[in-house]
Amino acid sequence: MQDAGNQTVIKISELNKWYGSYHALRNINLKVKRREKIVICGPSGSGKSTLVRCINALEAHHSGTIDVVGTRLTSNMKNVGKIRAEVGMCFQQFNLFPHLTVLENCTLAPRWTRKETTQEANKNAMHFLEKVKIPEQAGKYPGQLSGGQQQRVAIARALCMKPQIMLFDEPTSALDPEMIKEVLDTMSELAEDGMTMLCVTHEMGFARKVADRVIFMADGAIVEENDPDTFFSAPQNTRTQKFLSQIVGH
């Protein structure tokens, strides 16, 4: 029996993806353990977002394998559904339904896919809205909220499905600077609670504070990975060194 705290929940082997003749992901190999926090960084066009989108089949991969919580990702929609039930995702754009209140946005999927009663779904939604510190916004519509508040609603909505893993694809890049901290604080609290997380972000302060591992991608490949201290203080690859000098004045 594998120790639950040490269990591999995502295993990616020899993953490749093309857009026409463009080789977007090149022989990616990655294992993620339960409760591990991984930050993925790299220049624009390096394949970071494509990688996390492949994990829950928002993008199809062309060769190699992806296993999530023991399920092999194939074109079989039953498997895709099983994986998506365990993987929450937050995007750059908040993707909230503008005609639904915050509470309705959070309860829609649990009621439809997990068959929760309205009472159950509302109770869970309020629990997670309190967790992201905006329970008082439950009756408002997304358009009445700031960008930071909308992103926190998007995180609460994902948590309402009680996923084992959370994927974040540059969740702060569309936000004004003063709103970035409130979203990163929410993500940091999730990390402290033991959520398994993969975060595509340029927020290097967050990476230093929260990540167990930092992965650097370039040209569709994983070029370097290490614990944050080593990654920032002694980057091995010249591409990593150049990236860090540009982004954090390394």
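Student: I'd like to begin with Lys162. Is Lys162 buried, exposed or partly exposed?

Tutor: Lys162 counts as partly exposed, because its relative accessibility is 43%. That value sits between the cut-offs, since buried means under 20% and exposed means over 50%. Please keep in mind that this is a predicted model.

Student: Where is the place of Lys162?

Tutor: Look in the loop between α5 (147-159) and β7 (165-169).

Student: What should I know about phi when I look at a loop residue?

Tutor: Here is the general idea: most residues other than glycine have a negative phi. Now the case here: phi of Lys162 is near 50°, a positive value, and the residue is not a glycine.

Student: Let's turn to a helix. How many residues does α4 have, and what should they span?

Tutor: Helix α4 covers residues 118-131, which makes 14 residues. At 1.5 Å a residue they should span 20 Å, and the end C-alpha atoms are 20 Å apart, so the two values agree.

Student: Which residues of α4 are buried?

Tutor: They are Ala121, Asn124, Ala125, Phe128 and Leu129. Viewed down the axis of α4, these buried residues fall within an arc of 135°, so they line one face of the helix.

Student: And which residues are exposed on the other side of α4?

Tutor: There you will find Gln119 and Lys123 exposed.

Student: What covers the buried residues of α4?

Tutor: The cover includes α3 (102-113) and α5. While you are there, step just past the end of α4: Lys133 takes a positive phi of about 65°.

Student: Now for the whole chain. How many helices and strands are there?

Tutor: The protein chain has nine helices and 10 strands. Its radius of gyration is 18 Å, close to the 18 Å that the globule rule gives for 250 residues, so the chain is as compact as a globular protein of that length.

Student: What share of the 250 residues is buried?

Tutor: Buried residues make up 50% of them. As for contacts with a separation of 6 or more, 65% join residues 24 or more positions apart.

Student: What about the surface?

Tutor: The protein chain exposes about 11,700 Å², and carbon and sulfur atoms supply 49% of that area.

Notes
Residues are numbered from 1 along each chain as its sequence is written. This is a predicted model: local features need pLDDT of at least 70, side-chain atom pairs count only at pLDDT 80 or more; totals for chains, interfaces and linings use all residues. Side-chain values use heavy atoms; hydrogens and water are left out. Helices (H or I, at least four residues) and strands (E, at least two) are DSSP runs, numbered from the N terminus. Buried means under 20% relative accessible area, exposed over 50%, partly exposed in between (1.4 Å probe, protein chains only). The expected span of a helix is 1.5 Å times one less than its number of residues. The arc is that of the directions from the helix axis to the C-beta atoms. Contact means heavy atoms within 4.5 Å. The radius of gyration is taken over C-alpha atoms; the globule rule is 2.2 Å times the number of residues to the power 0.38. Accessible areas come from the Shrake-Rupley method with a 1.4 Å probe; for residues, only the protein chains shown count as cover.
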